[in-house]
Amino acid sequence: MSEARYLLIVEDDAGLQSQFKWSFEDYSVLIAANRTDAVNMVRQYEPKVVLQDLGLPPDEDGVSEGMLCIADILSIYPETKIIVLTGKNQHENAIRAIGNGAYDFYNKPIDIDTLNFVVDRAYKIYGLEQKNRSLLNDMSYGMDGVITSDPEMLRVCRMAERIAPSDVTCTILGESGTGKEVMARAIHNKSDRADKRFVAINCAAVPENLMESELFGYEKGAFTGAVKQTEGKFESANKGTLFLDEIGDMPLSLQAKLLRFLQERVIERVGGRREIPINVRIICATNKNLDEMVKEGTFREDLFYRITEMVLHLPRLSERDADKALLARYFLNRYVTANNLNVNGFTEDAIHAINNYDWPGNIRELENKIKRAVIMAEGKQVTADDLGLRINGTKSLILKDVRMRAERSAILEALSLTNGNVSSAAKLLGVTRPTLYDLSKKYEISF
């Protein structure tokens, strides 16, 4: 038996009470004539949608009681969709009610067909928001801090979990913004070194003449300005993990010193002669093609083989269709909470835009757009315009293309819902396992 769809009507006019009771056939209608009764019914029945007059006793000619009723209901169930009923000349009060948390308003006189549409829409929005909350609560975590339900990304996470307990040197490949440092931290947090330091340095961000002292430290008097002995990143990360981001930008002279460390596990500070043993795990990352750099002579071949004992390749966000909306909801929840904002989801056009945008800046670009959008959003939901992602209708409308896009999207969603379980995904899609394998090969989907 399906759950009853309760609609609470908060109205003291007996005639309107009767009219409403018989006008919403698809709902179990509850009637309350005042704030006290309304609050009691909200506690007892938990209606998802409330249709409420602003003029309630004992302040029928004002709106103070109606505003208090809105506040009381939302204090009990903040997700409730309250639609306020107002007179033609009460636009200011309607806007005030929206500011106090009401979902929408409807001007009298009543047109039941239109009001039915408004109520139905509110109920659907509630359902979408509930689904969003459920997705946030049940969000797939490939590893600690890595959020994904994409089959290829989950495969990378499984590899990372196997790598984590060992001290093998690994390199993470991927475009800028794909989450290479997040993955490196996840590996560290899964390792036996998790209670020690994770130290990161971006090899592209430090000037070449300072890189050696940054990494290896320096002795007092080693160069002008070296007024005291200073530890470098290697010593800071001792017994923990050192993350060398953008390793492809490391100068050749330092590549030789890194190779020596990987072979002998000792360093020498700049200006020093004493060998210092260091117990540190090295994780590297780059968005460059190291194979090509080796051929060009800009990256040492012997170092290349040392740092690529294990390689993890992070796909572009545009290749992770199942993760776009998932990550967007995660970032929305994070920044809404951090900024104490009254934003609770995305509009349909926003989700469409998120799923159809190419995201050249990958996850970093997505996060930045979501962060800005939740702050700038004027309503309770982030729109495509808030995101700056108004997607024009540029997709092919040829039925064959539409069908192919729909099939690929359905397969990705089914794999996402089943955490990559092929048998379960096939069952959801209503096809056999061999058929799903054939379709996945056709649409270049990896399990």
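In this predicted model, Gly225 is exposed, with a relative accessible area of 56%. The residue sits in the loop that connects helix H8 (208–216) with helix H9 (233–236). Between the C-alpha atoms of Gly225 and Leu290, which are 65 residues apart along the chain, the separation is 35 Å.

**Domain layout**

The protein is divided into domain 1 (6–138), domain 2 (151–315), domain 3 (318–387) and domain 4 (399–443). The centres of domain 2 and domain 4, taken over C-alpha atoms, are separated by 40 Å. An unreviewed UniProt entry places the annotation "domain: Sigma-54 factor interaction" on residues 146–375. That span, residues 146–375, is 44% helix and 14% strand, and its end C-alpha atoms lie 24 Å apart.

**The sheet around Asp53**

An open sheet of 5 strands is arranged in the order E2-E1-E3-E4-E5, and the pairing is parallel. Strand E2 (28–32) and strand E5 (104–107) form the edges; each has a single partner strand, so one side of each is left without a neighbour in the sheet. On average, and with direction ignored, neighbouring strands of this sheet are turned by 20° against each other. Helix H1 (residues 14–21) packs on the sheet and touches strand E1 (6–10), E2, E3 and E4, its direction making about 170° with that of E2. Helix H4 (residues 91–99) lies across E4 and E5 and runs at about 160° to E5.

Within this sheet, E3 and E4 pair in the parallel sense over 5 bridges. Strand E4 (residues 81–86) is mostly covered, since 6 of its 6 residues are buried. Lys81, Ile83 and Leu85 point one way from E4, whereas Ile82, Val84 and Thr86 point the other way; all are buried.

Asp53 belongs to strand E3 (residues 49–53). For this residue, Asp53, the unreviewed UniProt entry lists "modified residue: 4-aspartylphosphate". Asp53 is buried, with a relative accessible area of 8%, and it stands opposite Leu85 in E4. When residues up to four places away in sequence are not counted, Asp53 touches Val10, Glu11, Asp12, Gly66, Leu85 and Lys108.

**The sheet of E8, E9, E10, E13 and E14**

A further open sheet of 5 strands has the order E9-E10-E13-E8-E14, again with parallel pairing. Its edge strands are strand E9 (198–202) and strand E14 (310–313), each of which pairs on one side only. Neighbouring strands here are turned by 20° against each other on average, direction ignored. Strand E8 (residues 170–173) and strand E13 (residues 281–286) run parallel and are joined by 4 bridges. In one of these pairings, Cys170 has Ile283 in E13 as its bridge partner. Helix H7 (residues 180–189) packs on the sheet, where it touches E8, E9, strand E10 (241–245), E13 and E14. The direction of H7 makes about 150° with that of E8.

**Asp358 and its surroundings**

Asp358 lies in the loop between helix H14 (348–356) and helix H15 (362–376). Asp358 is partly exposed, with a relative accessible area of 43%. Leaving aside its neighbours within four places in sequence, Asp358 is in contact with Arg316 and Ser318. The C-alpha atoms of Asp358 and Glu319 are separated by 9.0 Å, and these two residues are 39 residues apart along the chain.

| Residue | Relative accessible area | Class |
|---|---|---|
| Gly225 | 56% | exposed |
| Asp358 | 43% | partly exposed |
| Asp53 | 8% | buried |

**The helix pair H18 and H19**

Two packed helices are described by the angle between their axes and the distance between the axes. The axes of helix H18 (residues 422–429) and helix H19 (residues 433–442) cross at roughly 95° and come within 9 Å. H18 is therefore roughly perpendicular to H19. On the H18 side, the contact is made by Val422, Ser423, Ala425, Ala426 and Leu429, while H19 contributes Arg433, Leu436 and Tyr437.

Terms used:
Residues are numbered from 1 along each chain as its sequence is written. This is a predicted model: local features need pLDDT of at least 70, side-chain atom pairs count only at pLDDT 80 or more; totals for chains, interfaces and linings use all residues. Side-chain values use heavy atoms; hydrogens and water are left out. UniProt positions are given in the numbering used here, feature names are shortened, and annotations may be inferred rather than shown by experiment. Helices (H or I, at least four residues) and strands (E, at least two) are DSSP runs, numbered from the N terminus. Buried means under 20% relative accessible area, exposed over 50%, partly exposed in between (1.4 Å probe, protein chains only). Contact means heavy atoms within 4.5 Å. Domain bounds come from an automatic or database domain assignment. Two strands pair if DSSP finds at least two bridges between them. Axes are lines fitted to C-alpha atoms, for helices over the stretch in contact, and angles run from 0 to 180 degrees between N-to-C directions. Angles under 35 degrees count as roughly parallel, over 145 as roughly antiparallel, 65 to 115 as roughly perpendicular and the rest as oblique.
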